[in-house]
Amino acid sequence: MPDLRGTGVSPGVGAGPVRMMGGSVPEPPPDERHGGDAAAERARAHEALHAVAADLEARGAKAGGAAQEVLAAQALMAGDPGLGELVDAKIDAGMAAARAVFEGFAGYRAALAGAGDYLAARVADLDDVRDRVVARLGDLPMPGVPASAEPFVLVARDLAPADTALLDPESVLAFVTEEGGPTSHTAILARAIGVPAVVACAGCTTLPEGSVILVDGGTGTVTVDPAPGDIAAADERTAARAAASAASGPGRTADGHEVPLLANIGGPRDIAAAVSVGAEGVGLYRTEFLFLDRAEPPTVVEQEAAYRAALDAFPAGPVVVRVLDAGADKPLAFLPPGDEPNPALGERGLRMLQRYPEVLADQLAALARAGETGSGELRVMAPMVADAADARYFADVCRAAGIASAGVMIEIPAAALRARDIAGEVDFFSLGTNDLAQYAFAADRELGALARLQDPWQPALLDLVATAATAAAGAGKGCGVCGEAAGDPALACVLVGLGASSLSMSPPSLPLVRAALAGHPLDACRRAAEAARAAGTPAAARTAARAHLSLLPSLGL
Ligand code: PEP
Ligand code: MG
């Protein structure tokens with residue numbers, strides 16, 4: 001089989017046997033009946049329920065932490081005696097075990113779905129248990145991440161964020177998906193757990209189960225049946241990267257130009273990873289991730305604690321908190337959107353908060369209180385700012401709430417083009433290259449088919465970055481980059497060359513960005529940036545920039 005190409009979204013190399021993600025389990029036919037031996041059929045059903053419960057428990061014990069809680073709760077569902085009785089009664093009436101299990105779960109499903117938002121969110125977990133039992137009874141592949149005694153490369157059409165969060169970096173060497181773009185939230189999670197990943201890889205689901213592949217999450221190549229030499233070369237690069245990652249200290253170019261290296265976090269539980277790689281602060285606190293599964297807005301007291309945790313963890317550094325970016329691909333139950341045919345172009349981000357000003361007021365009050373009592377330097381920014389009027393609105397509400405530093409994300413092309421107007425209204429910019437690419441190229445960031453247009457090396461995207469960074473510098477304001485582009489070591493050098501004053505990224509990306517910057521003087525970064533902007537395609541931009549970043553190969557990059 002020829003080698004495959006996709007988009008590398010989480011750097012590193014992994015080689016191993018392919019294990020396919022289990023697909024959906026079909027509903028057993030309603031009229032399916034057993035052969036007449038009800039006792040044997042009941043025994044089959046109970047064996048399957050117990051085996052699934054035991055498997056979920058074992059996987060939970062291995063995963064530990066939050067995953068263990070979720071899996072233990074699922075195991076309880078499978079072992080519930082009431083469910084067993086329901087299934088028995090249906091089998092006694094002649095129904096086949098798989099159908100009896102399916103219908104037995106249906107009663108629980110209806111009860112959960114009607115029992116409030118928190119429990120309704122558990123319906124998916126219940127469905128997963130049901131599908132596992134039905135799959136076992138029908139000898140079908142298990143849904144979800146496969147169990148395997150040896151480490152493997154996970155191949156899937158797509159991975160839900162929940163699947164990605166449960167991936168165990170010890171047993172999953174890499175993953176490859178047919179769908180998904182470089183800035184999809186699944187790709188962001190892959191980087192957060194540090195597993196090499198390639199997305200938008202056409203044809204990967206036809207790879208034979210068990211065949212060996214080599215996945216390069218940097219270049220996006222998937223080599224089928226790699227020669228031992230390919231694996232050895234990949235191992236050498238991995239070793240060079242590991243050595244380069246060992247350096248510590250603040251971000252700076254080879255000639256000492258300071259570029260603070262900050263972390264993207266989604267809540268207090270991400271802080272330890274950020275501290276462990278020596279992040280100098282937080283450049284993007286995605287506060288919506290704190291509240292994705294909540295039916296009610298969180299209280300001011302709860303929010304204050306979540307923000308203060310980050311401020312106390314980084315007493316010397318900035319902590320840039322983004323107010324809720326709800327809507328489109330991150331809906332929040334307590335901020336329902338209007339009836340919109342195009343949610344990505346609708347009331348998301350700051351627009352949504354303007355619709356619900358009391359939610360914004362509470363969040364700013366919590367931030368102001370955390371800023372007063374926490375140790376680090378609080379900065380607050382708004383997502384989805386389109387023009388100077390949006391920026392002024394946000395700066396005004398921040399000042400009224402007592403927040404000293406108010407900024408905006410530059411992630412809408414209009415805002416980048418007229419950044420000079422916006423710079424006069426706020427204290428800083430943070431470039432969100434993920435949405436900036438999505439909106440500049442009119443290409444949905446979740447769609448694998450459009451990954452080419454989401455490539456952060458697109459020269460048009462680099463032009464927008466340069467325009468915004470130049471406007472910020474002209475106004476004497478900082479201009480960080482917090483989109484995923486900042487975590488690509490070569491592109492990080494280019495962004496600094498374009499005028500980025502800080503870089504914020506998923507913690508696992510930080511050590512190699514630090515090494516790439518330390519290897520090149522500011523002048524080389526500027527030349528790399530110029531060369532990239534002069535190119536006509538993302539591939540040409542990459543090649544042209546790398547010609548000026550001569551130390552990258554020795555870092556395994
Ligand atoms: C961005 O759009 O680049 C960004 C950093 O925000 P998010 O990925 O959360 O939309
Ligand atoms: Mg964004």
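Colleague: How far is an oxygen atom of ligand 1 from a polar backbone atom of Thr433?
Modeller: This is a predicted model, where local features need pLDDT of at least 70, side-chain atom pairs count only at pLDDT 80 or more, and totals for chains, interfaces and linings use all residues. Residues are numbered from 1 along each chain as its sequence is written, chains are lettered from A and ligands numbered from 1 in the order in which they are written, and side-chain values use heavy atoms, leaving out hydrogens and water. A polar contact is a pair of N or O atoms within 3.5 Å. For Thr433 and ligand 1, the distance is 3.1 Å.

Colleague: Which residues come nearest to ligand 1?
Modeller: A residue is near a molecule if one of its heavy atoms lies within 4 Å of it. Arg286 has a polar side-chain atom 2.7 Å from a ligand 1 oxygen, and for an N or O atom in the side chain of Arg322 the distance is 2.8 Å. Of the 14 residues around ligand 1, the nearest are Arg286, Arg322, Gly432, Asn434 and Arg445.

Colleague: How are α13 and α14 oriented to each other?
Modeller: Helices here are DSSP runs (H or I, at least four residues). The axes, lines fitted to C-alpha atoms over the stretch in contact, come within 9 Å and cross at roughly 50 degrees. Angles under 35 degrees count as roughly parallel, over 145 as roughly antiparallel, 65 to 115 as roughly perpendicular and the rest as oblique. The α13 and α14 pair is therefore oblique.

Colleague: Which residues of α20 make the contact with α19?
Modeller: Helix α19 (residues 459-474) and helix α20 (residues 489-498) have axes crossing at roughly 40 degrees. Contact means heavy atoms within 4.5 Å. From α19 come Leu462, Val465, Ala466 and Ala469, and from α20 Leu491, Val494, Leu495 and Leu498.

Methods: Axes fitted to C-alpha atoms, helices over the stretch in contact; angles between N-to-C directions. Helix = DSSP H or I, 4+ residues; strand = E, 2+ residues; numbered from the N terminus. Polar contact = N/O pair within 3.5 Å; in protein donor to acceptor, adjacent residues only side chain to side chain.
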